[in-house]
Every structure is written in C-alpha cells, then in structure tokens.
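Please study the sequence and structure before reading the solutions.

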Amino acid sequence: MRRYKIAAIPADGIGPEVIGAGLEVLQALAARAGDIQFDVSHFGWGSDYYRKHGVMMPGDGLEQLKPHDAIFFGAVGAPDVPDHITLWGLRLPICQGFDQYANVRPTRILPGILTPLRGKGPGDLDWVIVRENSEGEYAGHGGRAHRGMPEEVATEVAIFTRVGVTRIMRHAFALARSRPRRLLTVVTKSNAQRYGMVMWDEIAAEVAQEFPEVTWDKMLVDAMTVRMTLQPESLDTIVATNLHADILSDLAGALAGSLGVAPTANIDPERRFPSMFEPIHGSAFDITGKGIANPVATFWTACQMLEHLGEADASNRLMKAIEEVCAAGVMTPDVGGTATTRQVTDAVIETLRTSNT
Ligand code: IPM
Ligand code: MG
C-alpha cells in the first residue's frame, strides 16, 4: 500500500465545494487502484478563520503543513476582506515559505468544451505554462511614502535573481523535453525592460545549451498574446515571469473555453517541502453554495498532484475519466452544460469505477 498524507485547505467561496468533490474523486481512484491510500487532514484556514482570529492561518501554519506529501488547496478571497490580505495571508506565504518556485499550468481544449477560437478544437491547443513563482513582480518589494500627500510615491519592485531565473528555466526546459514536441517558448519584455528581462534572455540561452533536444524560441509578451490567439498550435511549453505568466494563463484559460477547468500546481521541484495543487478560478462568491461550481479544474489539479506523487497511472486514469465525462456533455453551466457539481463528480466517479484502463 502506498500511503500519501494530503493537507486539504478548502478555504473560501466555492473552495470547499470543489475540494470536497476532488477528495471524493481521489478516494474513488484509491478504491479502484487498491494499492493507494490517501490520508487527508483538513485545515479550516481562510477568510472565516481571519474574521475570528485576525489572521488567515495560525503562526505555525507552515510547520503544520510540512509533514504532508502534498497540499490540496481550494481558493481564497472574500467580498469583505481585502484581496491583498487573503492572498498575502495564506496562499503566497505557503508558495514562498515552501519555495514552490515552479507554477505549472497545463491548458488544453477538453472534448465537449467550446473554445472562442474560430474553427479550433481539441488538439489545436495543448500548452503548459511554467510560471516563475517565487520572485519577479510578486517579490513583495516596494513601499509608499508621503501617503495622501500630493508628493505621494509608491514603488513596486520586480526582483530577478540569477538563481531564480536559472532554476525556473531548467524546470521549463526539462518539462519541454519530457513532452512529445520538445518545444519551449521563452516570454519576456526585453525590448522595453532592459535589466531583468535581458538577463532572462541571456540565462535562457545559457540553459538551452544543457538541453540540445529542445527547440526553443523567444517572444515578447505583447506579441505572445497575438500568437496564442492566432496560432495556438505553434506553441507547446511556455515559460514566463510571475506576472506575465499570470496574465497569459488567464488568456490561455479563456482560449481553452473556461477558467473553470484550468488547474495549477505550485511545485518545489527539489521536494524539500510539500507542493500545492489548486484550481485557478478563485473563490467565485457569486455562485457559492449553489452547487454548480465546476469541479473539473480541481480534478485536473488532482491529476497534477498524483503525477507529482509518482502515481502517473492513476493520474492518467483520472484525466481520461474527466475527458470522457466532458465529452459526454456532463458539464456545469459555466461551460455550457446543465449539470451540477454533484452530477459531474458522480459521473467521474462512475467512469473511474467502470473503466477498464
Ligand atoms: C492566479 C491568481 C492569483 C495570482 C491572484 C489570486 C493573486 O490570479 O493564481 O493566477 O495572481 O497569482
Ligand atoms: Mg491569475
């Protein structure tokens, strides 16, 4: 029996609904496999916790999470708590505290889901965006002076380090090499930003020497939006800074038909700490409690988690089940269906039970 300790942090909005669904699917998968066991611990951190305790998680939160093999995270954000508090109080301290420097965001057009790209469908868009997740524009460096005065000043400093850029570049090249097309696009804005971004370009060229099997090219981030939209099939693996990849991954999600299906993995490739897996979509208070949240992004990130844990077969089995259920039209309203979270979850579980793969 292979046992995995999973820390579940459902947090805010639809987080508990989709994480609940994701855990059910994982347990069904374990039952089907027979030799995998998930021991799940629940952590009730998030905005409710903040309202009671004034913090999003306890001071020793990271210590509590450390013994786990992976973190299964829902979403943070609440209408009555400022976004920078929810974000800097829970998700970012985990990403940064556990040095989850590689944020990996696969995007594909799933069968049955309509893309806004005219004439395109599954097969035309199969990308993985690798987002630098520890520094850059999210380094948290900056400040404000002379608040409220006419001379008020604010700085928001992007930090790029040789260590930080080299390690994300290696991760991206290695990922590109593991995919059939062995194709990597390095995104920067090195025409306008002549220090950090030029260093990115230089380090990309250096790291490329270590990966002769990978074909790579460079794009400026503005032109990249055009290429993603007009020539989606020309791209495969993509690496970009924290902010650029944040923006490009929303575009990717929209082009693939919905952010409701987009997953993300915050990975510590050196495995010193647990990595964290979450849907991209956020807390979605407008549909919280209605039972219609799309669980597909959470299922897909569960696939990423399984892969990271070394359970590639289980990961593939779950991904296949998700695709079958989407192809059969069992989908939530955000992707044009009429099914509830419950129905999509049941359909995936049923497919897992009956599939012979
Ligand atoms: C994402 C999200 C977050 C980010 C928000 C919630 C701060 O947009 O995961 O892409 O920018 O990192
Ligand atoms: Mg984003």
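Two exercises with worked solutions follow.

The model is predicted, with local features requiring pLDDT of at least 70, side-chain atom pairs pLDDT 80 or more, and totals for chains, interfaces and linings using all residues. Residues are numbered from 1 along each chain as written, chains are lettered from A and ligands numbered from 1 in written order, and side-chain values use heavy atoms, without hydrogens and water.

**Exercise 1.** Determine which residues surround ligand 1 and identify its polar contacts (N or O pairs within 3.5 Å).

*Solution.* Step 1: the shell (a heavy atom within 4 Å) consists of Leu-87, Arg-91, Arg-105, Arg-131, Tyr-138 and Asp-246.
Step 1: ligand oxygen atoms lie 2.5 Å from a side-chain N or O atom of Tyr-138, 2.8 Å from a polar side-chain atom of Arg-131 and 3.3 Å from a side-chain N or O atom of Arg-91.
Step 2: the protein buries 69% of the 320 Å² that ligand 1 exposes alone (Shrake-Rupley, 1.4 Å probe).

**Exercise 2.** Classify the pair formed by Phe-98 and Phe-273.

*Solution.* Step 1: ring centres within 6.5 Å make a pair, and planes under 30 degrees apart count as stacked; the count is 6 aromatic pairs.
Step 1: the centres of the Phe-98 and Phe-273 rings are 5.3 Å apart and their planes at 15°, so this pair is stacked.

Key
Polar contact = N/O pair within 3.5 Å; in protein donor to acceptor, adjacent residues only side chain to side chain. Phe/Tyr/Trp six-rings, centres within 6.5 Å; stacked < 30°, edge-to-face > 60°.
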